[in-house]
Amino acid sequence: MDTPADALPTVRDLILSRAEDDDRPAMLFEDEQHTYREFTAGCVARAHLLLDRREEGPFHVGALLDNGPEYSMLLGGAAVAGAAVVGINPTRQGAELARDITHAACGLIVTESRHRGLLEDLDLGAANGRVHDTDSPEWAAALAPHAGAEPPEADIDPLAPYLLLFTSGTTGDPKAAICSQARLARIGQVINEMRKLTPDDVFYQAMPMFHSNALMAGWAPCLTAGGTAAFRRRFSASGFLPDVRRFGVTYFNYVGKPLTYILATPEQPDDDENTLRIVFGNEGAVHDLERFSRRFGVPVEDSYGSTEGGVAVSRTPDTPPNALGRADETVKILNPDTGEEAPLAVFDGTGKLLNPDEAIGELVSMASAPAFEGYWNNPEADEERTHGGIYWSGDLAYRDAEGFVYFAGRNFDWLRVDGENFAAAPVERILVRHPDIDLAAVYAVPSPSVGDDVMAAVVRRPGAAFDPEGFAGFLAGQDDLGTKWAPRYVRWADSLPQTETNKILKRTLRRERWESNDETWVGDGGGYRLLTPVEADAIRAEFEARNRLSVLDV
């Protein structure tokens with residue numbers, strides 16, 4: 001029988017239950033330390049302040065803040081007051097930033113002086129004139145009357161929006177995924193049970209708190225366990241191990257490429273002398289998981305999941321290196337055009353996928369659509385995600401005969417070269433085997449003739465120079481590299497455009513193509529040569545000669 005809504009656990013319940021933890025440490029930040037007594041009182045004071053400032057319309061509070069105690073207490077205050085927190089990404093600027101704020105119907109914005117300039121001269125809709133700086137005397141004065149107050153009475157709907165979490169926006173405008181208090185509380189409970197977390201654990205919270213990973217894999221489990229949150233304003237690869245030792249960190253959650261960046265720091269013989277007990281996250285590079293575990297002496301548990309929570313795939317000890325793991329029987333791989341289940345993958349002796357056109361489909365859940373909480377004010381996106389009573393993840397995948405699921409890229413990660421369709425992710429996995437490559441993003445760029453050419457943008461190991469003959473030889477030695485998969489263009493870079501959560505912005509890479517400021521190499525069939533401005537002009541002339549200049553403007 002379904003639990004009645006008014007009986008579901010809430011984040012407000014978790015916050016107020018911690019008032020009894022008194023002087024146990026709740027938050028560590030730079031040189032600050034705050035007890036649970038102080039944390040709970042801070043949440044209650046902010047709840048009263050938010051209720052005082054509430055006006056007509058959605059009770060949505062924009063948070064444009066770096067990680068730290070203020071963000072944590074604002075989250076707690078919103079839960080106690082029944083407000084929704086809109087995580088605002090500080091890497092978005094100008095019209096894009098204004099669009100996010102007005103789309104999410106923010107009634108007020110809580111920020112700090114370092115970010116206040118991002119809001120100047122923007123039309124913030126209902127939040128115009130309602131921006132509060134947490135490091136200002138006015139903020140302290142507004143909180144002062146609520147010091148020591150009892151929790152306010154509030155009619156909390158456990159299933160109402162509590163978080164509006166913008167998707168990464170790697171393609172198109174970000175969507176604001178809804179997460180209720182009940183769902184976040186449940187996530188915290190599940191992760192605690194799975195990871196056996198306790199009040200003695202110290203949770204390193206360095207992922208940006210406007211993102212779901214920080215809240216679902218870090219903040220909520222910490223609150224549920226009654227552990228200590230050690231905040232880092234922004235993630236730093238070089239600062240990681242010093243922070244772990246300084247704060248006694250036992251638990252680190254990540255999303256994207258932080259493990260890669262940490263591994264790129266100079267290795268020391270005592271790296272494994274630390275307090276880490278578990279590292280948990282998703283979207284880590286497969287080749288980095290074991291390396292990180294060995295270097296720092298800690299198990300790394302990488303999983304597949306999304307902000308929306310529709311599909312989950314878990315790694316098991318016998319998961320092949322390139323696979324995500326196994327999923328239950330409700331998770332399937334469907335052809336998005338026909339709705340039929342894709343056949344199992346077939347491999348040759350080298351591990352090359354022989355039937356990508358048939359085996360690769362969209363990863364879906366046949367059971368989770370009714371539980372999907374939707375996107376704020378975006379019914380078209382809701383329909384795209386759950387049409388036909390099925391939850392469509394938007395991710396491409398294939399499954400082997402043993403039931404292991406393999407990621408094949410996003411649903412925009414198809415390439416078509418000389419009539420052959422293939423996905424980007426398998427090519428990326430091959431490229432990172434190269435000893436001079438830390439990260440690789442593979443994507444389609446227009447071909448002068450028809451269809452696509454393959455382009456790879458890579459983050460090189462520090463100081464590594466591109467060796468055209470060596471790279472061509474490396475590709476020739478990869479038995480599982482498809483005949484059409486070799487990159488026509490290679491962008492050799494120290495860094496690539498990315499989101500705050502370290503996801504490579506392929507839409508930016510596609511737009512820049514071979515015309516960026518980074519060193520770019522072009523294949524000529526037998527090797528690679530440096531792409532010069534003269535040759536770039538010649539490529540454009542070839543498009544013009546074939547009446548295909550318009551595809552370069554897409």
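Student: How do you know that T224 touches L14, R18, G188, Q189 and N192?

Tutor: Contact means heavy atoms within 4.5 Å, and T224 meets that with L14, R18, G188, Q189 and N192, not counting residues up to four places away in sequence. This is a predicted model, in which local features need pLDDT of at least 70 and side-chain atom pairs count only at pLDDT 80 or more, while totals for chains, interfaces and linings use all residues. Residues are numbered from 1 along each chain as its sequence is written, and side-chain values use heavy atoms, with hydrogens and water left out.

Student: Where does T224 lie, and how far from I187 is T224 in sequence and in space?

Tutor: T224 belongs to helix 8 (residues 212-225). Helices (H or I, at least four residues) and strands (E, at least two) are DSSP runs, numbered from the N terminus. T224 and I187 are separated by 37 residues in sequence and by 9.5 Å in space, C-alpha to C-alpha.

Student: Why is R195 called buried?

Tutor: Buried means under 20% relative accessible area, exposed over 50%, and partly exposed in between (1.4 Å probe, protein chains only). R195 has 12% relative accessibility, so R195 counts as buried. R195 lies in helix 7 (residues 181-195) and touches R277, I278, F280 and E301, again leaving out residues up to four places away in sequence.

Student: Why is L143 buried, while N377 is exposed?

Tutor: The relative accessible area of L143 is 11%, so L143 is buried; that of N377 is 56%, so N377 is exposed. L143 is in helix 6 (residues 137-143). Beyond its neighbours within four places in sequence, L143 is in contact with A45, R46 and L49. L143 and R46 are 97 residues apart in sequence and 6.8 Å apart in space, C-alpha to C-alpha.

Student: What makes the phi of N377 and of A105 worth a note?

Tutor: Most residues other than glycine have a negative phi. N377 has a positive phi of about 50° although it is not a glycine, and N377 lies in the loop between strand 16 (361-365) and helix 13 (379-386). A105 also is not a glycine, yet has a positive phi of about 55°. A105 is in the loop between helix 4 and strand 5.

Student: Which residues of helix 4 are buried, and what covers them?

Tutor: In helix 4 (residues 94-103), the buried residues are L97, A98, D100, I101 and H103. Their cover includes strand 5 (108-111) and strand 7 (161-166).

Student: Why is the pair of F466 and W492 called edge-to-face?

Tutor: Rings of Phe, Tyr and Trp (its six-membered ring) pair if their centres lie within 6.5 Å; planes under 30 degrees apart count as stacked, over 60 as edge-to-face and the rest as tilted. The structure holds 23 aromatic pairs. F466 and W492 have centres 5.1 Å apart and planes at 75°, so the pair is edge-to-face. The pair links distant parts of the chain, with F466 in the loop between strand 22 and helix 15 and W492 in strand 23 (residues 489-493), 26 residues apart. F466 and W492 are both buried.

Student: How do you know that the charged end of R326 sits over the ring of F404?

Tutor: A charge sits over a ring if NZ of Lys or CZ of Arg is within 6 Å of the ring centre and within 35 degrees of the ring normal. The charged end of R326 is 4.0 Å from the centre of the F404 ring and sits over that ring. Likewise, the charged end of K175 sits over the ring of Y375, 5.5 Å from its centre.

Student: What makes a space a cavity, and what makes a space a pocket?

Tutor: On a 1 Å grid over the protein atoms alone, a cavity is a set of points where a 1.4 Å probe fits but cannot get out, and a pocket is an open set with protein on both sides within 12 Å along at least five of seven lines; lining residues have an atom within 4 Å of a point. Grid points are joined across faces, edges and corners, and a volume is the space filled by probe spheres set on the points. The structure holds two cavities of 30 Å³ or more, and the second largest cavity has a volume of about 80 Å³. Its largest lining share, three residues, comes from helix 8. The second largest pocket has a volume of about 360 Å³ and is lined by 21 residues, of which A486, P487, R488, G525 and Y528 lie nearest its centre.
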